[in-house]
Amino acid sequence: MIVDENSNPFELGCATEVFGLRRPEIGRELYDFRLCSPRPRTAMRDGFFTLGGVAGLEAADTADTLIVPNRPDVEVPRRPAVLDAVRRAHARGARLVGFCSGAFTLAEAGVLDGRRATAHWQWAGAFRVRFPAVRLEEDVLFVDDGDILTAAGSAAALDLGLYIVRRDHGAEIANSVSRRLVFAAHRDGGQRQFVERPVPDVPDASLAPVLAWALERLDAPLTVADLAGRAAVSAATLHRRFRAELGTTPLAWLVRERVALACRLIERGEARLETVARRSGLGTAAHLRTVMRRETGLAPSAYRRRFGPGSA
C-alpha cells in the first residue's frame, strides 16, 4: 500500500486490518502486507500524525496487489513518482486497488480510461468532469473490473477488502476475517452507497429477526411471500424495508445468501453438486452452475479447484 502526503488514516487502518494482521485462528498468513511511501516521513491527513519507518516507493515494484493513495484534496495533483509507480505496476500485470478517492489516483495515472470504477458520491461530479473517459458508477459500494478494483466511501474499503479476501481465499476464510472484524461478511458491490431513511411516523421493526429465521432455512423453498409472512407485512412493505435497510430486494438477498452457503459447502469438501444445490436451496445442479457463475464468476468445478480442500 502506497501512503502519500495527506492520505486518509481510516483507509490505511482498513487495509492493515484486513491484509496485514496475523491470523492464528486460520493457521496461516493470508498476505505479505507492506507499506511504502515516496518520502521517509509522510504527514497524514490534516497533520493528525506523521508516518515514518516504512519502505521506499521502490517496494511497490514487486507487489502483486498495489493499493494506491487516497486523500481528501482530490483537486491537488498526485506526485509524479507515485503515478509512475502505479503505471509500472499496471504494465506488469499487478492488481490495483483504490479506496474512496483512490480512484482519482488511478485515473490520473491513466490506467482507468475506458474502465469501470467508482468513487465517493461526494466527488462523483468532479470526477466525471476531470476524467470523462472513465465509466464511473457512482451509486455502488465497489466495482471489480478485473485487475482494477475501486471502493466508494470509507467504510466501503472494508467491503472491498473482504471481497478481495473472498476472491483470493474463498468464503470460509473471508467469513473468519469478518468475524474478527465484527463486520458483515459480504455486502454486494452493487449495493447503493447510501440509503435515504426518513424518520417514520411509527418506528420500523428491524429486519434482523426475519433474516435470522431465513438463514436457518435456506434449504427450504423460501419465497418472498414466506419472508413477508414471517415479518407479518405485505410483500410490497417487505420490499420497501429491504430497499431502505439493505439497499437490495428480498429475492436478490436470498439468492446471494444461498450462493454463499453453496460456496461454503464446496469449500468444506461436498463434491456432489446435487447435494450442494439441495442444501443451499438452489434446487438443481444446473441452476447452481448458472447462479454461481453469475454471482462469483466461477463455475462450481472451478470454484472447487480454487477453494476446495487441498487447493493451494
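**Reading a predicted protein model**

Mentor: Let us begin with Arg-180, which counts as partly exposed at 38% relative accessibility. Buried means under 20% relative accessible area, exposed over 50%, and partly exposed in between (1.4 Å probe, protein chains only). The model is predicted, so local features need pLDDT of at least 70 and side-chain atom pairs pLDDT 80 or more, while totals for chains, interfaces and linings use all residues. Residues are numbered from 1 along each chain as its sequence is written, and side-chain values use heavy atoms, without hydrogens and water.

Trainee: With which residue does Glu-25 form a salt bridge?

Mentor: Side chains of opposite charge can pair when their charged atoms come close. A salt bridge is a side-chain nitrogen of Lys or Arg within 4 Å of a carboxyl oxygen of Asp or Glu. Glu-25 pairs in this way with Arg-180, and their closest N and O atoms are 3.2 Å apart. The two residues are 155 apart and link distant parts of the chain: Glu-25 is in the loop between α1 (9-20) and β1 (36-37), and Arg-180 is in helix α6 (residues 171-181). Helices (H or I, at least four residues) and strands (E, at least two) are DSSP runs numbered from the N terminus. Glu-25 is also partly exposed, with a relative accessible area of 42%.

Trainee: How many salt bridges does the structure hold?

Mentor: The structure holds 21 salt bridges. One of them joins Asp-32 to Arg-34, with closest N and O atoms 3.1 Å apart; Asp-32 and Arg-34 are both exposed. In another, the side chains of Asp-168 and Arg-95 meet at 2.8 Å, N to O. This pair also links distant parts of the chain, 73 residues apart, with Asp-168 in helix α5 (residues 156-169) and Arg-95 in strand β6 (residues 95-99). Asp-168 is partly exposed at 23%, whereas Arg-95 is buried at 12%. Elsewhere, salt bridges that share partners join Arg-115, Arg-116, Glu-137, Asp-145 and Asp-147 into one network.

Trainee: How many residues does the largest nonpolar core have?

Mentor: A nonpolar core is a set of buried Ala, Val, Leu, Ile, Met, Phe, Trp, Tyr and Cys residues joined through side-chain atoms within 4.5 Å. The largest one here has 33 residues, and Leu-227, Val-259, Leu-288, Met-292 and Tyr-303 have the most contacts inside it. At least two residues each are supplied by α7 (208-215), α8 (224-231), α9 (235-246), α10 (250-267), α11 (273-280), α12 (285-296) and α13 (300-307). The largest share, nine residues, comes from α10. Apart from this core lies another, of 31 residues, including Val-82, Leu-83, Val-86 and Ala-119.

Trainee: At roughly what angle do the axes of α11 and α12 cross?

Mentor: Two packed helices are described by the angle between their axes and the distance between the axes. Axes are lines fitted to C-alpha atoms, for helices over the stretch in contact, with angles from 0 to 180 degrees between N-to-C directions. The axes of α11 and α12 come within 8 Å and cross at roughly 75°. The two helices are therefore roughly perpendicular (65 to 115 degrees; under 35 is roughly parallel, over 145 roughly antiparallel, the rest oblique). Leu-273, Glu-274, Val-276 and Ala-277 of α11 make the contact (heavy atoms within 4.5 Å) with Ala-285, Leu-288 and Arg-289 of α12.

Trainee: Where does Cys-100 lie?

Mentor: Cys-100 lies in the loop between β6 and α3 (102-108). Its phi is near 55°, a positive value in a residue other than glycine, and Cys-100 is buried at 3%. Ala-232, in the loop between α8 and α9, has a positive phi near 60°, but Ala-232 counts as exposed at 67%.
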